[in-house]
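User: Could you walk me through the charged pairs in this model? I'd like the terms spelled out as we go.

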Amino acid sequence: MRENQFGKLSEFYLTAAYRDGRTVMEDVSFTAPFKVMHPFYEKKDVMTVMLLTASAGIMAGDRQEINLCAKERSSLEFVSQAYEKIHRMEEGYASRRIYLTVGSHACLRYLPLPAIPFAGSDYRCTAEVELEDETSQFVFREILSCGRVAYGEEFQYRRFQSRVCISQGGRLVYRDNACYEPGQMDMGNFGMYEGFTHLASLVICNQQKPEGWVQQVRRLLEDAGDMEGGVTHTSAGHIVVRILGKNAAQLTEITERICSSEGLEL
């Protein structure tokens, strides 16, 4: 694989800790093109950190690593600055590895904005999550668009691969390996996107939901226009939501509502 423009691995490390009644950044470090905005506290008892990048997007040969740790009793929300632009790659591919650790009685919400794979791009991402125990709360969101529709690049990317592995107490409780190669697959056909252009995936771990919550989510999806989806529980009791749609902003909004109990009021 061709080396990236920085000639090395791009890294972002952040550790959140609970001190004096609120979550703070205990440790943070990063290399180009990553930067971080000063944390803010719009949500009660939650520290929100926004990842910034000093590049136009992900290029061929880019190698990135993101490592987040929410220590005991801390509450961290990780968001991105803008949609993830994955540029055309004449050769090679770009890769990202994500390591997420959630301590006892802690919460980590990993909520980046949607990814846009340009025509000819090849992007491969692996996320490894370690939950300390059943009190470790975790939310993971991924929204994938079909490409730049206005440029006629609908499903013109070469490859998009996303692997997510979640362990709890050292035992694997969730694993998903999604790999899309539009040149080898009919992305609009039955069993794939079925006429839709965007896909949202949401995994919610160890969060207690009120009675009837799943039915509320299903009703919300049924009533929403231009999208279809479903919600289920894994054998370990975690929640998985998948939604097909035609607009990244709509999928972002509805997944935000699902993540928030207040947002389900119909």
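Analyst: A salt bridge here is a side-chain nitrogen of Lys or Arg within 4 Å of a carboxyl oxygen of Asp or Glu. This is a predicted model, in which local features need pLDDT of at least 70 and side-chain atom pairs count only at pLDDT 80 or more, while totals for chains, interfaces and linings use all residues. Residues are numbered from 1 along each chain as its sequence is written, and side-chain values use heavy atoms, with hydrogens and water left out.

User: How many salt bridges does the structure hold?

Analyst: The structure holds 11 salt bridges.

User: What does K71 form a salt bridge with?

Analyst: K71 pairs with E26, and their closest N and O atoms are 3.0 Å apart. Because K71 sits in the loop between β5 and β6 and E26 in strand β2 (residues 22–30), the pair ties together parts that are 45 residues apart in sequence; strands (E, at least two residues) are DSSP runs, numbered from the N terminus. R19 is linked with E26 and K71 in a network of salt bridges.

User: And E153, buried or exposed?

Analyst: E153 is buried, with a relative accessible area of 9%, where buried means under 20%, exposed over 50% and partly exposed in between (1.4 Å probe, protein chains only). E153 forms a salt bridge with R148, the closest N and O atoms being 2.8 Å apart, and R148 is partly exposed at 24% relative accessibility.

Terms used. Helices (H or I, at least four residues) and strands (E, at least two) are DSSP runs, numbered from the N terminus.
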